[in-house]
Structures are given as C-alpha cells and as structure tokens.
Amino acid sequence: MATPKGKVSKARRDSRRSAHWKLSVPGIVKCPRCGKMKLSHRVCKACGYYDGQQIVETEAK
C-alpha cells in the first residue's frame, strides 16, 4: 500500500477541507405577479401564485 512521502501541514490539510463547508446562496428571484422577492420554483408567499396559477389563498389587506 502507498504511504505518504512527508507530513501534510495543518494549513495545507485545512485549506483542502475548507471548500466542503461553503454555503451556496439560495436562488432568489422577483415574483412576476406582485414583484416581491421569493425563492425560485416555489409559491410566492405574498400573492400565493406559482407559474401563473393561484395555488394558495392569501388574505386581502
């Protein structure tokens, strides 16, 4: 079995592992109906519409 040629420093080891913990930004888009920001491919919390159809009933202000 292969063995390491030398010691891997803590900085090199930790920098290699650092990329695994990056958080990605959620896809936030503007709702085409009401203009509020919402998560993509989800029902708008403000107006209750998705893909041009009303999915959830919302209270009138």
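**I55 and its contacts**

I started with I55. Not counting residues up to four places away in sequence, I55 touches V43, G48, Y49 and Y50. I took contact to mean heavy atoms within 4.5 Å. I55 is found in the segment after β4. I55 has a relative accessible area of 48%, so I logged I55 as partly exposed. My classes were buried for under 20% relative accessible area, exposed for over 50%, and partly exposed in between, with a 1.4 Å probe and protein chains only. I also checked I55 against T3, 52 residues away along the chain. Their C-alpha atoms are separated by 59 Å.

**Ground rules**

The model is predicted: local features need pLDDT of at least 70, side-chain atom pairs count only at pLDDT 80 or more, and totals for chains, interfaces and linings use all residues. Residues are numbered from 1 along each chain as its sequence is written, and side-chain values use heavy atoms, with hydrogens and water left out.

**V56**

Next I looked up V56. V56 also sits in the segment after β4, a strand that spans 53-54. Its relative accessible area is 40%, so V56 is partly exposed. Which residues does V56 contact, leaving aside its neighbours within four places in sequence? I found V43, C47 and G48. I then took the C-alpha distance from V56 to K45. The two are eleven residues apart in sequence and 8.5 Å apart in space.

**Nonpolar patch**

I55 and V56 came up again in the surface search. Together with V43 and Y50 they make a nonpolar surface patch of about 310 Å². Patches are made of residues with over 30% relative accessible area and no salt bridge; like charges are joined within 9 Å, and nonpolar side chains (Val, Leu, Ile, Met, Phe, Trp, Tyr) within 5 Å. Accessible areas come from the Shrake-Rupley method with a 1.4 Å probe; for residues, only the protein chains shown count as cover.

**Cysteines**

I went on to C47, one of the contacts of V56. C47 has 8% relative accessibility, so I put C47 down as buried. How many disulfides does the structure hold? I counted zero. C44 is in no disulfide, and the nearest cysteine sulfur, that of C34, is 3.7 Å away. The criterion was a pair of cysteine sulfur atoms within 2.5 Å. For C47, the closest cysteine sulfur is in C44, at 3.7 Å, which is too far for a bond. C44 is buried because its relative accessible area is 3%.

**Positive phi**

Most residues other than glycine have a negative phi. H41 is not a glycine, yet has a positive phi of about 60 degrees. I placed H41 in the loop between β2 (37-39) and β3 (49-50). H41 is at 66% relative accessibility, so H41 counts as exposed. D51 also has a positive phi, near 55 degrees, and is a residue other than glycine. D51 lies in the loop between β3 and β4. Its relative accessible area is 67%, so D51 is exposed.

**Salt bridge**

How many salt bridges does the structure hold? There is one. R13 pairs with D14, and the closest N and O atoms are 3.0 Å apart. The test was a side-chain nitrogen of Lys or Arg within 4 Å of a carboxyl oxygen of Asp or Glu. R13 counts as partly exposed because its relative accessibility is 31%. D14 is partly exposed too, at 39%.

**Whole chain**

Last, I noted the overall figures. The chain has one helix and four strands. Along the sequence, I read the pattern as α-β-β-β-β. The radius of gyration is 23 Å, well over the 10 Å that the globule rule gives for 61 residues, so the chain is more spread out than a compact globule. That radius is taken over C-alpha atoms, and the rule is 2.2 Å times the number of residues to the power 0.38. Along the principal axes, the C-alpha atoms fill a box of roughly 70 × 25 × 15 Å. Buried residues make up 10% of the 61 residues. Of contacts between residues at least 6 apart in sequence, 2% join residues at least 24 apart. The accessible surface of the chain comes to about 6200 Å², and 55% of that belongs to carbon and sulfur atoms.

How values were computed:
Helix = DSSP H or I, 4+ residues; strand = E, 2+ residues; numbered from the N terminus.
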